[in-house]
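Me: I would like to go through a protein model step by step. Please show it first, and then I will ask about it.

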Amino acid sequence: MRAYRQAFKFFWYYFKKFKVTLVIISVAVFVATYLQVKAPVFFGHALTELGEWVSQYLKHQGAEKVIASFHGHVPAVLPQAMADQLAAKGLPTDVSQLVKLAEAVPEKTAFFSVMGQLFLSYVFMTVAMLIYEVLFGRIVSHSTNDMRKGLFGKLEKLTVSFFDRHQDGEILSRFTSDLDNINNSLNQSLVLIVTQAALFIGTLIMMFRQNVTLAWVTVASTPVALLLVIVILTKARKYIDLQQNEVGKLNAYMDEKISGQKIIIVEGLEQEAIAGFVEQNNKVRQATFKGQIYSGLLMPVLNGMNFVNLAIVIFLGSMIALNDHTLSTPAALGLVVMFVQYSQQYYQPLMQISASFSQLQMAVTGARRLQEMFDEQEEVRPENAQSFDGIRDQVQIDHVDFSYLPGTPILKDVSMTVDKGQMVAVVGPTGSGKTTIMNLMNRFYDVDQGSIKFDGVDIRDFDLASLRRGVGIVLQDSVLFSGTIKDNIKFGFDASDEEVVTAAKTTHIHDFINSLPDKYETHVDDDENVFSTGQKQQISIARTILTNPKLLILDEATSNVDTVTEQQIQWAMEAAIAGRTSFVIAHRLKTILNADKIIVLKDGQVIEAGTHQELLQLTNGFYAELYHNQFVFE
């Protein structure tokens, strides 16, 4: 029940803005339900009136025959034998009453009046249903649209650690399968469940108003039906939840394998990839199968209960009605027919709700999975924080400790000071914490201990948006977005065409772009583009230069390129660094020979610091060993 309460709160958050529309829907549902439960009453009354009219008509015909048999000479008193026969047929034995009965043709006014009421009830019921279906569809479409926008907005506020902990495919499944399930379930199931619940309550009220005894007969089998429903639904909910979780894992697996398909082909791991897919797909199949099996049991079980209940109502209802001397035969017949309809109508909501449970559970599961994302911790953005407008004095990293996972330290008591305009290179073996320092400076993560300060101000006290605008990063793996080359260079920045061209020239990629048929209007994306890895990096550096960052971070910008391209990127880096405070992470030490300061990290600690020449002169220096080893290989 807790899951359903949470789902209700989740959906109400989006529905509450449509309160007026929900009131109109509630009125329409009430009208439709009232007319639907009233229809069997009209039908029973119509049958009773028809029976009464048939009885009166037969008596009228019998009286006519008796009067006609006298050929115009009606006696004052009927013979005793004839009087006895007429009394046995329910006809009057008094001659004057017999004449009146023969002359008075029975009218069908009451029957047609009730039938008119029945017809109008169906018309208005249809109109009311149309109203609430259309209005509810509108609410659902607007609400799911708000969910999608809110989810994407939340995604843009989440910490980098969230994306490190979750696979892309698993995140994507929240936008696709979960939101689709919510939309379909709300449209097809929720309105049905609401209306059927109202119908169930209305049917109960109307049955007990018509005949308490027959009402108890109709509802007698309910405890057995509810017990079966609870047992089946508990099992179904378990496997439908499991199904959605396994689908998310399958999406993540496929996204990972599609992204790494080249590696799979190169290593000849196609069969292993297929085997992994089959294994995960089987988990989805098994969960889906079990969920559908248990959900599918509901309809046949409740159908069987419905037929058993119908037989009980017909049998006991007929016995009760026929033995109730206060009812005429037509009235008894009308009452039984009325409760036969109520018996079917009573079980219909249970059957419809049960049939929709599978979809409803998908909506509940989808709401839970979306709420998990909405509950994720956002990046800390201090209120009334000061804006970061550049480095005026120095950058200080003061006794910083940091770990991605508790108990696994990455940085240990790291300290360094960088003056404005200096270029600082950070080197060290893989896993020493070089990139981690860069992640901390842009507040992708926050330090565990110590602080990072710009001009004496802790970066956690700066407005995060202004900090990100002021700190430019060129990552090791460059990314191109779908659009033109020009759009990619000025991505997120309102730059003129001249500024775009200038940035491209600065990074030495302008000539290549100009050689393309559509030049800067050439359409590219990250998977299909005309650029090599090095040229993508030049585009990335041009993009960074265009934003004119106050502090620049270059993270292994030349690690994936050839020597010629490396030289071009080196020129681009020098152009980007000129006049700016900058940090450069590098494995190729020849790219940082001119650095103002080189920081050497090992096992998360600063072990050496100084210029290139100073570090080379250290006896048994770690940096000197790295440099000489690279020089030998190159």
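Me: Among contacts in the protein chain between residues at least 6 apart in sequence, what percentage join residues at least 24 apart?
Reply: This is a predicted model. The count takes contacts in the protein chain between residues at least 6 apart in sequence. Of these, the share that joins residues at least 24 apart is 78%.

Me: Which strands stand at the edges of the open sheet of four strands?
Reply: The strands have the order E2-E1-E4-E5, with antiparallel pairing. An edge strand has a single partner strand, so one side of it is left without a neighbour in the sheet. The strands in that position are E2 (411-419) and E5 (457-458).

Me: Which residue in E4 stands opposite Asp-398?
Reply: Strand E1 covers residues 394-402 and strand E4 covers residues 449-454. The two run antiparallel and are joined by five bridges. Opposite Asp-398 stands Ser-451.

Me: Which helix packs on the sheet, touching E1, E2 and E4?
Reply: The helix covers residues 434-441. Its direction makes about 115° with that of E1. It is helix H14.

Me: What percentage of the residues of the protein chain count as buried?
Reply: The protein chain has 22 helices and 12 strands. It has 634 residues, and the share that counts as buried is 45%.

How values were computed. Residues numbered from 1 in each chain as written. Predicted model: local features only at pLDDT ≥ 70, side-chain atom pairs only at ≥ 80, totals over all residues. Heavy atoms only, no water. Pairing = 2+ DSSP bridges. Contact = heavy atoms within 4.5 Å. Axes fitted to C-alpha atoms, helices over the stretch in contact; angles between N-to-C directions. Buried < 20%, exposed > 50% of the residue type's maximum accessible area, 1.4 Å probe, protein only.
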